[in-house]
Amino acid sequence: MKIPYPVLIKRTEDTAKWLPIVTSVGAVLLAFIISAIILAATGADPFKVYSYLYKASFGSWGAFSDVIVKATPLLLIGLGCSLAFRMRLWNIGAEGQFFVGAFFASAVVMVPLVNLDTTPRWAIVSLMAALGMLGGSLYAFIAGFLKAKLNINEIIITLMLNYIAVLWNNYWIFGKWSEAGFQMTKTFPKVAWLPRLADYAKQVPAFSGMTLHVGILFGLIAAVIVYLIVYRSKWGYKITLIGDNRRAARYAGINITANTILVFMVSGALAGLAGMTEVSGVVHRLQERISTSYGFSGVIVAWLAKLHPFAVIVVSILFGALLVASREIQPSGLSFLIQGITLFLVISSDVLLKYEIKWVRPAKETAQ
Amino acid sequence: MNWTEIFRSGISTGTVLLIAAIGEILTERSGIQNLGVEGMMLLGAMAGFRVAFNTGNVWLGLLAAIAAGGILSLAHAVVTIHFQADQTVSGLSLTFLGTGLALVLGEGLTGQTGPVIPRASIPLLSQIPYLGPVAFADHNLLVYFGYLLVPVVAYFINKTRPGLHLRAVGENPAAADTLGVNIYRTRYLYTFIGGCFAGLAGAAISVAIAPGWNSNLTVNGQGWIAVALVIFAHWNPWRAAMGGYLFGILRRLALDIQGPALLLGVANPFFYNTNLVFFLQMTPYILTVIALIWGSSAARKKRIGAPAALGTPYQRGERGL
């Protein structure tokens, strides 16, 4: 193809270490600028919106605590996605796995699976976390199995499973577990709550009203574990190899079927744990709207972090802020818009990592 | 249960899936997979309703929807064709982008009513017993457009020269390039056309089948079902039509089944326990999963499957397939 513009694009192997960070940050900034233009076009004042966005998320310690609360599920889901994406498995089903995890965790209280009056709090909460992970991983198993055995497009399967999981939850909260006809369960007893800062307001007055709960610790621990798996373990090496070059991995004798299912299940377990932290740490009941598209934002978080577990922490906090601020902001689709543009710019900027772009003077055709 | 009504409404809701799936078939036949159908449909639904509402002219609304879907799809085209980005991630971000744009630009439209696509009956054909009232009577015009679209697109793909080029680009771009087909231009064109169809499908909801704007519930996953339908249909417009109508009918059936107290002579559980409705609402999604499982094994047996170059970027000078 004749290149009509004066640039030369050349494939490059060695990319500077700082370049991915620069392009990611640049993509986010550019996304905010483009969104501002769209906002201005709809008649809103982008400066007002953004200053409100900042105040609502980083303006005070209380607001920041809310941000971390929102970042917790994003962190867990983003980590799960980053692991799956590394193997080029498109688990878009975190939303569904999140709901099933929340459902399994709620079952501990609602069935109830243990005697809530005599069992200690740590045991109940641990059981809820374990069941949340189990639920998420079992649900992800369906997609992993179909992908591994029948090579069915996992994106569509996981998406369909998302809708099914939400309806399954609805069946319980509208019916059997409904609290007096409302579309939610009863509030869980305190023994089923994840401890949070506000619980210690008596000892530390500054904590009063702070909703930050221990779920964030789960997220941070998970980040370290995922880091160790990916960069320090044989299994992580296998996952990366399968993702980079399937054929080579198969020749090397790596069991792709088993690893596909396994990675899907780990990814689902993290999303399920996110569902558990949300019901046990934040809303304290199972209800219809426990997720504001965490499952999808997690995808973006993972991609924006270039699949690096520690970068996922940073990006999830940023997106947590976006979610906190956009709760009260109009228009309501703004956070989706910024996320969509960001993701687009990030994948476009990847070309900068793969190719060297040089401006050249177009060769003048010698007449005659 | 009123079977005529179930089949009728199945055909009209199936038209949405049909239009979107045919667009995606054209795109995928050129080797580009665009998973952003949901986002393009939502933007199309918003643009169609907004323009129809503001101008009072439903046809302008349709044009706006087609343009909106097409323009949005160009983002996918640039990123995947020129920048060779991963088509999965790009398609997914297109859904986000379309959803975000539609929600921001659709602000304040909820609950409004606007003009809708007129309805018509086909003379003579609507007199055919059973079939007439189901397929040819009092449908909105887009349903008839769907009837025409299927044979036209099937003929185009299989029997015309540009159709041959399209298939060549999707199956073996390197060979097509040697024969002088412009791979890049072809892929841009069909990605754009696919986007136009997706936009139209979105408007088919918002100005015809379920008129109005209901934020992201307007499309509610139908874009994804359309993508699944393409796989189920083996990239064949006739099968896509069959699948689309079948889905539409089954979805309607799931709603109507709650009506009677007696079903086939036994007490109808869906009538007595209204909470079971959530399981009925799952049916389109479960059907999609089953269709994919079935489609995958059928595709294996018959060795008909995706265009060989689907999802792989083409770069001149590099070894092709």
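In this predicted model, A:Ile300 sits in helix α11 of chain A. Is this residue buried or exposed? A:Ile300 has 25 other C-beta atoms within 10 Å, so it counts as buried. Leaving aside residues up to four places away in sequence, A:Ile300 touches A:Gln339, A:Thr342 and A:Leu343. A:Gly236 is another story: it is 64 residues from A:Ile300 along the chain, and the two C-alpha atoms are separated by 22 Å.

Next comes the place where the two chains meet. Chain A puts 40 residues into this contact, and chain B puts in 41 residues. On the chain A side, two or more residues each come from α5 (121–150), α6 (154–174), α11 (294–304) and α13 (334–354). Of these, α13(A) gives the largest share, twelve residues. Sorted by class, the side of chain A that touches chain B has 29 nonpolar, ten polar and one charged residues.

Domain 1 covers 1–44 + 331–368, while domain 2 covers 72–329. Their C-alpha centres lie 32 Å apart. The two domains do touch, with nine residues from domain 1 of chain A and nine residues from domain 2 of chain A. On the domain 1 side, α1 (19–41) and α13 of chain A each supply at least two residues, and α13(A) gives the most, with seven residues. That side of domain 1 divides into five nonpolar, four polar and no charged residues.

Now for how helices pack. Two packed helices are described by the angle between their axes and the distance between the axes. In chain A, helix α3 (residues 61–86) and helix α12 (residues 309–326) have axes that come within 7 Å and cross at roughly 135 degrees. α3(A) and α12(A) are therefore oblique to each other, and their crossing is right-handed. Among the residues making this contact are A:Leu74, A:Leu75 and A:Leu79 of α3(A), along with A:Val312, A:Ile313 and A:Phe319 of α12(A). By class, the contact divides into 16 nonpolar, four polar and two charged residues.

Helix α1 (residues 3–29) and helix α9 (residues 183–209) of chain B have axes that come within 7 Å, crossing at roughly 170 degrees. That angle makes α1(B) roughly antiparallel to α9(B). The residues in contact include B:Val16, B:Ile19 and B:Ile22 from α1(B), and B:Phe197, B:Leu200 and B:Ile205 from α9(B). Here the classes come to 15 nonpolar, seven polar and two charged residues.

A few spots in the backbone deserve a look too. Most residues other than glycine have a negative phi, and most peptide bonds are trans. In chain A, the peptide bond from A:Val111 to A:Pro112 is cis, with omega near -20 degrees. A:Pro112 belongs to the loop between α4 (94–110) and α5 of chain A.

Over in chain B, B:Asn220 is not a glycine, but its phi is positive, near 45 degrees. B:Asn220 lies in the loop between α9 and α10 (222–232) of chain B, and it counts as partly exposed because it has 16 C-beta neighbours inside 10 Å. B:Trp235, also a residue other than glycine, has a positive phi near 60 degrees. Where does B:Trp235 lie? It is in the loop between α10 and α11 (237–256) of chain B. B:Trp235 has 23 C-beta neighbours inside 10 Å, so it counts as buried.

Definitions and conventions:
Residues are numbered from 1 along each chain as its sequence is written. Chains are lettered from A and ligands numbered from 1 in the order in which they are written. This is a predicted model: local features need pLDDT of at least 70, side-chain atom pairs count only at pLDDT 80 or more; totals for chains, interfaces and linings use all residues. Two residues are in contact if their C-beta atoms, placed from the backbone, lie within 7 Å. Helices (H or I, at least four residues) and strands (E, at least two) are DSSP runs, numbered from the N terminus. Ala, Val, Leu, Ile, Met, Phe, Trp, Tyr, Cys and Pro count as nonpolar, Asp, Glu, Lys and Arg as charged, and the others, Gly among them, as polar. Axes are lines fitted to C-alpha atoms, for helices over the stretch in contact, and angles run from 0 to 180 degrees between N-to-C directions. Angles under 35 degrees count as roughly parallel, over 145 as roughly antiparallel, 65 to 115 as roughly perpendicular and the rest as oblique. Domain bounds come from an automatic or database domain assignment. A crossing is left-handed if the near helix is turned anticlockwise from the far one by less than a right angle, and right-handed if clockwise. A residue is buried if 20 or more other C-beta atoms lie within 10 Å of its own, exposed if 12 or fewer, and partly exposed in between; C-beta atoms are placed from the backbone.
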